[in-house]
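Here are my comments on the model you sent. Please keep the structure open while you read.

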Amino acid sequence: MNDGPGGPTSGDGSPDGGDAEPGDGRADADSLSRFLLQGAPVRGEIISLDSAWQQVVQRHDLPVCVRDCLGQLSAAALLLAASLKFDGMLVLQIHGDGPVALMVVECDAAGHFRATVKIREGAVVDDQASLVQLVHASGQGRFVVTLDPRTRTPTRQPYQGIVPFEGDSVAQVLEHYMNRSEQVPTRLWLAADEHRAAGLLLQRLPDQGGSAAQATDADGWNRMCQLADTIDPLELVSLSSADMLHRLFWQEPLHAFDRRRCGFACSCSRDKVAAMLRMLGREEVESILVERETVEVNCDFCNLAYRFDAVDAAGLFLPGADHPPPTQPQ
Ligand SMILES: [Zn+2]
């Protein structure tokens, strides 16, 4: 693994180097920036999800604490996806035993993501509830990471890691996962409100090149973490990414190397819903039609409603109608 960029360095602590940055910082809205600490095996990423996150917020009527945890998980998923260099879908799931039964974020390497939450029927959620109260109330919460490669080959198959829920925050749960399962020392700082989901990731890379690399800045990792520990969550959701990095690391020789766009995108489609109804079977679909006249399927992620009336439904099961191979329900 070699992240070393070859270009000139900015040297001013800004990951954007000489980029013109408008005063309001909107140039780095809905984007993820990556940087390195010169002379030390430390890499970092910072993300700000703005209108992309608001699209999730608008589609779900969530209690504030649930919304903010989902925002943190969304920012974290995109940060991890960018750090894993994996071409495919990364899915983070928290299976909860409290009022929240499931929290899911899916994202791809291109920075597209979607997110949803299942709250147990009849559950009452205190707006101030902690993550542990939401998903680990009786100690049965689980955290699941799935990597689903874009193209599957005999040696490239989906991977799923299931770990016990450990930690008091989304950041701590993910840090435990990365440190134990991926064995990459990783720290995360996450925050979200109704307008923005934001996060900072620092990773300690394996020393490359032996003693020379170690000798230059042996304390870089600890120093960067200590500086980042001064983050106030309010700053993360109010400062632009560039201003946040400047505020934390202005004395550090950071080297910026890229910025990528992030956006909300849902992969649902009428064809996928039709395939799901075919798997359900004609009898089941017809029995729903007897009760309700139309079969309506809502996408859990984007809330779009797909409706099939009796004519549409009959078309699903016509001889010669398209019968794609069944897909695994997500
Ligand atoms: Zn959808």
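This is a predicted model: local features need pLDDT of at least 70, side-chain atom pairs count only at pLDDT 80 or more; totals for chains, interfaces and linings use all residues.

The numbered points below go from the whole chain to single residues.

1. **Overall make-up.** The chain has eleven helices and 13 strands. It holds 330 residues, and 35% of them count as buried. Take contacts between residues at least 6 apart in sequence: 68% of these join residues at least 24 apart.

2. **Helix H2: length.** H2 covers residues 64–84. Does its length agree with its residue count, or disagree? The helix has 21 residues, and at 1.5 Å a residue these should span 30 Å. The end C-alpha atoms are 30 Å apart, so the two values agree.

3. How many residues of H2 are buried? The count is 17 of 21, so the helix is largely enclosed by the rest of the structure.

4. **The largest nonpolar core.** This core has 75 residues. Those with the most contacts inside it are Ala-75, Ala-76, Ala-77 and Leu-78. H2 gives the most to this core, with twelve residues. There is also a second, separate core of five residues, and it includes Val-273, Ala-274, Val-295 and Phe-308.

5. **Ala-75 in detail.** Which residues does Ala-75 contact, once neighbours within four places in sequence are left aside? They are Ile-47, Leu-49, Leu-190, Ala-192, Ala-197, Ala-198 and Gly-199.

6. E9 spans residues 197–204, and seven of its eight residues are buried. Strand E2 (residues 42–49) runs antiparallel to E9, and eight bridges join the two. Within this pairing, Arg-43 stands opposite Gln-203. Strand E8 (residues 186–192) also pairs with E9 in the antiparallel sense, over seven bridges. There, Leu-190 faces Gly-199 as its opposite residue in E9. A hairpin of four residues connects E8 to E9.

7. **The six-stranded sheet.** In what order do the six strands of the open sheet lie? The order is E7-E6-E3-E4-E5-E11, and the pairing is mixed. The edges are E7 (159–164) and E11 (263–264), each of which pairs on one side only.

8. **Pairings of E6.** E6 covers residues 142–149, and strand E3 covers residues 88–95. The two run antiparallel and share eight bridges. One of the partner pairs is His-95 with Arg-142 in E6. E6 also runs antiparallel to E7, with six bridges between them. In that pairing, Thr-146 stands opposite Gln-160 of E7. When you look at side chains here, recall that in a regular strand they alternate between the two faces of the sheet.

9. Most residues other than glycine have a negative phi. Asp-30 is not a glycine, yet its phi is positive, about 50 degrees. The residue lies in the segment before strand E1 (31–37). Is Asp-30 buried or exposed? It counts as buried, because 20 C-beta neighbours lie inside 10 Å and the cut-off for buried is 20 or more. Gln-183 is not a glycine either, and its phi is positive at about 55 degrees. Gln-183 sits in the loop between helix H4 (170–182) and E8. With 9 other C-beta atoms within 10 Å, Gln-183 is exposed. Please look at the backbone of both residues.

10. **Val-297.** Val-297 belongs to strand E12 (residues 295–298). It has 18 C-beta neighbours inside 10 Å, so it counts as partly exposed. Not counting residues up to four places away in sequence, Val-297 touches Val-273 and Tyr-306. Met-276 is 21 residues from Val-297 along the chain, and their C-alpha atoms are separated by 9.9 Å.

Terms used. Residues are numbered from 1 along each chain as its sequence is written. The expected span of a helix is 1.5 Å times one less than its number of residues. A residue is buried if 20 or more other C-beta atoms lie within 10 Å of its own, exposed if 12 or fewer, and partly exposed in between; C-beta atoms are placed from the backbone. Two strands pair if DSSP finds at least two bridges between them. Two residues are in contact if their C-beta atoms, placed from the backbone, lie within 7 Å. A nonpolar core is a set of buried Ala, Val, Leu, Ile, Met, Phe, Trp, Tyr and Cys residues joined through C-beta atoms within 7 Å.
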